[in-house]
Amino acid sequence: MDDPLRERLLGQAHTLINHYWASTLALRQQADMEQVHGYRIAARRLHALLALWRPLIHDPRLERRLQKAVTRLSALRDEQVYASQFVHKRAGARSEEQSKAGRVSQAMVQAQPRVPMLAVSLDEWLDGVAQVPAGFDPLPWYRLQLGLRLSLLLNRIEDEQSAKSRKLSNDKLLRQWHKVRLEIKQIRYGTELLVAMGAGDPEWLALLGRWQEQLGQLQDGRQWYKRLRREKSTPKQQRLLRALRKKGRWQLQRLSCQRGELVGLSLLMLKGDE
């Protein structure tokens, strides 16, 4: 790669690492919804950066620690989102609900995470990137990697569904789409790196963003439905459960019809530059 591209790639790496450090410090000071969400985004973008330079520079332990930190925050993030939707926003909440909100808030404080700075490991990783010989461009290879990852994901979904002698239940489909959501999310952060460097189409990012939003809404509804079913049943909760179930069925049908969009995107990524 030429010197201007090298400088841009190094600048991208420094920016994402500094963003991760800032998000880590913010989360250590306060573990509210904003800080938890900010850290998870910064960590996933950093993970995409590490994947961009892999396998030329690969630190498995660094990647495992980063992934572990994100996973530890999943339960806390779910609690915060659920509380914001079904506890704190209920006008005129009964004392039982107010008590529940207090217990959720207390649990959040007690579960305040200690996420790693990874300063030494990331400094060593940056040293490795700086020593990469001029002329090496990781962007085309990473584009192919993301396209292949997306293609394999879609093939796996197709194989799982065609292997069944009967139609998959909605619950199994929801679990399947949840796995897709996790993959789409990381592919999207990888595509951000490509687009920022002019090696990808911004429309790819917009498409993946729409899919991430749709799959996120589906997952939220799935989590809320399971949570509400475990609580004391009231007429209002029964109506909400029926609404969530109906919306979930509609979302599954829509996603199935739109899957061709992802197939087309994977082909574009794998096609490469002409």
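Start with the lining of the largest cavity: its residues divide into four nonpolar, two polar and two charged. In this classing, Ala, Val, Leu, Ile, Met, Phe, Trp, Tyr, Cys and Pro are nonpolar, Asp, Glu, Lys and Arg are charged, and the others, Gly among them, are polar. The structure is a predicted model, in which local features need pLDDT of at least 70 and side-chain atom pairs count only at pLDDT 80 or more, while totals for chains, interfaces and linings use all residues. Residues are numbered from 1 along each chain as its sequence is written, and side-chain values use heavy atoms, with hydrogens and water left out.

**Cavities**

Select Leu-174, Trp-177, His-178, Arg-181, Leu-215, Leu-218, Gln-219 and Arg-222 to show that lining. Two or more of the lining residues come from each of α8 (170–196) and α9 (202–230). Helices are DSSP runs (H or I, at least four residues), as strands are (E, at least two), numbered from the N terminus. The volume of the largest cavity is about 40 Å³. A cavity is a set of points, on a 1 Å grid over the protein atoms alone, where a 1.4 Å probe fits but cannot get out; a pocket is an open set with protein on both sides within 12 Å along at least five of seven lines, and lining residues have an atom within 4 Å of a point. Grid points are joined across faces, edges and corners, and a volume is the space filled by probe spheres set on the points.

Next, select Ala-43, Arg-44, His-47, Leu-66, Gln-67, Val-70 and Gln-186, which line the second largest cavity. This cavity holds about 30 Å³. At least two lining residues come from each of α2 (33–53) and α3 (60–72). By class, the lining has three nonpolar, three polar and one charged residues.

**The largest pocket**

Move to the largest pocket, with about 910 Å³ of space. It is lined by 34 residues, and those closest to its centre are Arg-40, Arg-77, Arg-181, Lys-185 and Asp-220.

**The nonpolar core**

Now select Tyr-20, Tyr-39, Leu-49, Trp-125 and Ile-184, which touch the most other members of the largest nonpolar core, a set of 64 residues. A nonpolar core is a set of buried Ala, Val, Leu, Ile, Met, Phe, Trp, Tyr and Cys residues joined through side-chain atoms within 4.5 Å. Buried means under 20% relative accessible area, exposed over 50%, and partly exposed in between (1.4 Å probe, protein chains only). With eleven residues, α2 gives the most to this core.

Centre on Tyr-20: leaving aside neighbours within four places in sequence, its contacts (heavy atoms within 4.5 Å) include Tyr-39, Leu-66 and Leu-118.

**Single residues**

Go to Ser-23 in helix α1 (residues 3–29). Ser-23 is buried, with a relative accessible area of 9%. Beyond its neighbours within four places in sequence, Ser-23 is in contact with Gly-38, Tyr-39 and Ala-42.

Then select Leu-118, in the loop between α5 (95–110) and α6. Leu-118 is not a glycine, yet has a positive phi of about 60°. Its relative accessibility of 5% counts as buried.

Finish at Arg-54 and Pro-55, joined by a cis peptide bond with omega about 10°. Pro-55 sits in the loop between α2 and α3.
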